[in-house]
Amino acid sequence: MLARRRELAAVWTWVTADRVDEILPRHAARDGFTLVAALEDGQIVGFAYAYCGAPGQWWHDAVAAAMTRADAARWLSPGHVELAELHVARNRRREGIGGRLHDALVGSLGDAPTAVLSTQATNAPALALYRERGWEVVVPELRFAPGSEPYAILGLALAPRA
């Protein structure tokens, strides 16, 4: 799938192909990297991927700093998974592709205790998709950079704790 990065860039509309070439190999090298894709006539029409998060990673550390100590212990415990991206081609949205990608990806996460993600706090369709699948808002608004748009941080309990 990494060989098809240009196709992923066509679906991941807010980044350039060069940015995909920068981001994706770094994420693919992380523990537990899993990517699922929706294909139509051999072309990618949607994809989602996740990996194990860890201290020292930019997103992980920004989210941990925005959480209470108790929430960070619950949601960012060792072995947690970060659902990094879920995208569907603009002309294929509202067909259930995003939900199927989500379900396939989450179903492949093994015994991770939790999953976390961020999505734009104003992205009602994405928030609805995640809430329908049991995600809960952990941090209602986080700006990753001063003046940037707000993101909601969501968490999903996966495996029962021992």
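This is a predicted model: local features need pLDDT of at least 70, side-chain atom pairs count only at pLDDT 80 or more; totals for chains, interfaces and linings use all residues.
1. The phi angle of arginine 94 is near 70 degrees, which is a positive value in a residue other than glycine. Is arginine 94 buried or exposed? Its relative accessible area is 70%, over the 50% cut-off, so arginine 94 counts as exposed.

2. Aspartate 41 belongs to the loop between strand S1 (34-40) and strand S2 (43-52). Its phi is near 50 degrees, again positive in a residue other than glycine. With a relative accessible area of 77%, aspartate 41 is exposed.

3. Now for the overall plan. The protein holds six helices and six strands, and along the sequence they follow the pattern α-α-β-β-α-α-β-α-β-α-β-β. Of its 162 residues, 44% count as buried.

4. How much of the contact pattern links residues 24 or more positions apart? Among contacts with a separation of 6 or more, such pairs account for 63%.

5. Spanning residues 17-28, H2 has 12 residues, and the distance from its first C-alpha to its last is 16 Å, close to the 16 Å expected at 1.5 Å a residue. Its buried residues are Val20, Ile23, Leu24 and His27. Viewed down the axis of H2, the buried residues fall within an arc of 95 degrees, so they line one face of the helix.

6. Six of its seven residues are buried, so S6 is largely enclosed by the rest of the structure. Strand S4 (residues 114-120) runs antiparallel to S6, and seven bridges join the two. Along this pairing, leucine 117 faces leucine 154 of S6, while alanine 115 is opposite leucine 156 of S6.

7. S6 also pairs with strand S5 (residues 136-142), in the antiparallel sense and over four bridges.

8. Besides its pairing with S6, S4 is joined by two bridges to strand S3 (residues 81-88), and S3 and S4 run parallel. How does the chain get from S3 to S4? The path goes through helix H5 (residues 97-107), making a β-α-β crossover that is right-handed.

9. To finish, please visit glutamate 82, a residue of strand S3. Its bridge partner in S4 is valine 116. Is glutamate 82 buried or exposed? At 2% relative accessibility, it counts as buried, the cut-off being under 20%.

10. The surroundings of glutamate 82 can be listed as well. Leaving aside residues up to four places away in sequence, glutamate 82 touches Tyr49, Ala50, Tyr51, Gly53, Ala54, Gln57, Trp59, His60 and Val116. A further reference point is glycine 32, which lies 50 residues from glutamate 82 along the chain, with 9.9 Å separating their C-alpha atoms.

Methods. Residues are numbered from 1 along each chain as its sequence is written. Side-chain values use heavy atoms; hydrogens and water are left out. The expected span of a helix is 1.5 Å times one less than its number of residues. Buried means under 20% relative accessible area, exposed over 50%, partly exposed in between (1.4 Å probe, protein chains only). The arc is that of the directions from the helix axis to the C-beta atoms. Contact means heavy atoms within 4.5 Å. Two strands pair if DSSP finds at least two bridges between them. A crossover is right-handed if, with the strands pointing away from the viewer, the path from the first strand over the helix to the second runs clockwise.
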